[in-house]
Amino acid sequence: DERATLAEPSSDVWLGAGGPAPSLLRWQANEASPSSVSCLQTGHSVYAIDVDEREGLVAAGTRGGTIALMRFEAGTVGPLRRWRMFSQGAPVLAVCLLFRNGQIASTDTAGRCLLWQVEASPQAPAEPPRRRSNLPWAAT
């Protein structure tokens, strides 16, 4: 009998920082202030973040139209290891890790919702099935 189990809630807060030196910040419960765990290129402020504590993954969607998929070890402080980069092509508004399926879902300011295969080419997203509504597509 296989049952879905929820990961324990994290006490970490993940924040995107903009400005002249955009970065991803991680604020751990026992720290007085957040620490920068990933520096990004100018123009790539983080607009969207999703974290999978169990898999040790962070997906960060940027203003510059990229999605950075990074690895971390729970309970450690320090820079993240950048694993994959995906080119969305427009500023990313939302990103969702569907890692059990090996996918990332994302939306952008061009009105697209793309479904990325993590192990496939980062240049070839799939579009989810079209719906007859203006509501964004969401994975369930």
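Trp116 is buried in this predicted model, with a relative accessibility of 1%. Its residue lies in strand E10, which spans residues 113-117. Phe86, in strand E7, is likewise buried, with a relative accessible area of 1%.

Two aromatic pairs were identified in the structure. In one of them, Trp14 and Phe72 have ring centres 5.2 Å apart and planes at 55°, so the arrangement is tilted. Trp14 belongs to strand E1 (residues 13-17), whereas Phe72 is located in the loop between strand E6 (66-71) and strand E7 (81-87); the contact therefore ties together parts of the chain that are 58 residues apart in sequence. Both partners are shielded from the surface by the criterion of under 20% relative accessible area: Trp14 is buried at 12%, and Phe72 is buried at 8%. Phe86 and Trp116 form an aromatic pair as well, also tilted, with a centre-to-centre distance of 5.2 Å and an angle of 55° between the planes. This pair links distant parts of the chain, since Phe86 in strand E7 and Trp116 in strand E10 are 30 residues apart.

A further ring contact involves a charged side chain. The charged end of Arg71 is positioned over the ring of Trp83, at 4.3 Å from the ring centre.

At the surface, a nonpolar patch is formed by Val13, Leu15 and Trp27. Together, these three residues present about 240 Å² of accessible area. Val13 is placed in strand E1, the strand that also contains Trp14. Val13 is partly exposed, with a relative accessible area of 40%, whereas Trp14 is buried.

The cysteines were examined for covalent links, and zero disulfides were found in the structure. For Cys113, the closest cysteine sulfur is that of Cys96, at a distance of 9.6 Å. A disulfide requires two cysteine sulfur atoms within 2.5 Å, so the separation between Cys113 and Cys96 is too far for a bond. Cys113 counts as buried, at 13% relative accessibility. Cys39, by contrast, is exposed, with a relative accessible area of 61%.

Technical notes. Residues are numbered from 1 along each chain as its sequence is written. This is a predicted model: local features need pLDDT of at least 70, side-chain atom pairs count only at pLDDT 80 or more; totals for chains, interfaces and linings use all residues. Side-chain values use heavy atoms; hydrogens and water are left out. Buried means under 20% relative accessible area, exposed over 50%, partly exposed in between (1.4 Å probe, protein chains only). Rings of Phe, Tyr and Trp (its six-membered ring) pair if their centres lie within 6.5 Å; planes under 30 degrees apart count as stacked, over 60 as edge-to-face and the rest as tilted. Helices (H or I, at least four residues) and strands (E, at least two) are DSSP runs, numbered from the N terminus. A charge sits over a ring if NZ of Lys or CZ of Arg is within 6 Å of the ring centre and within 35 degrees of the ring normal. Patches are made of residues with over 30% relative accessible area and no salt bridge: like charges are joined within 9 Å, nonpolar side chains (Val, Leu, Ile, Met, Phe, Trp, Tyr) within 5 Å. Accessible areas come from the Shrake-Rupley method with a 1.4 Å probe; for residues, only the protein chains shown count as cover. A salt bridge is a side-chain nitrogen of Lys or Arg within 4 Å of a carboxyl oxygen of Asp or Glu.
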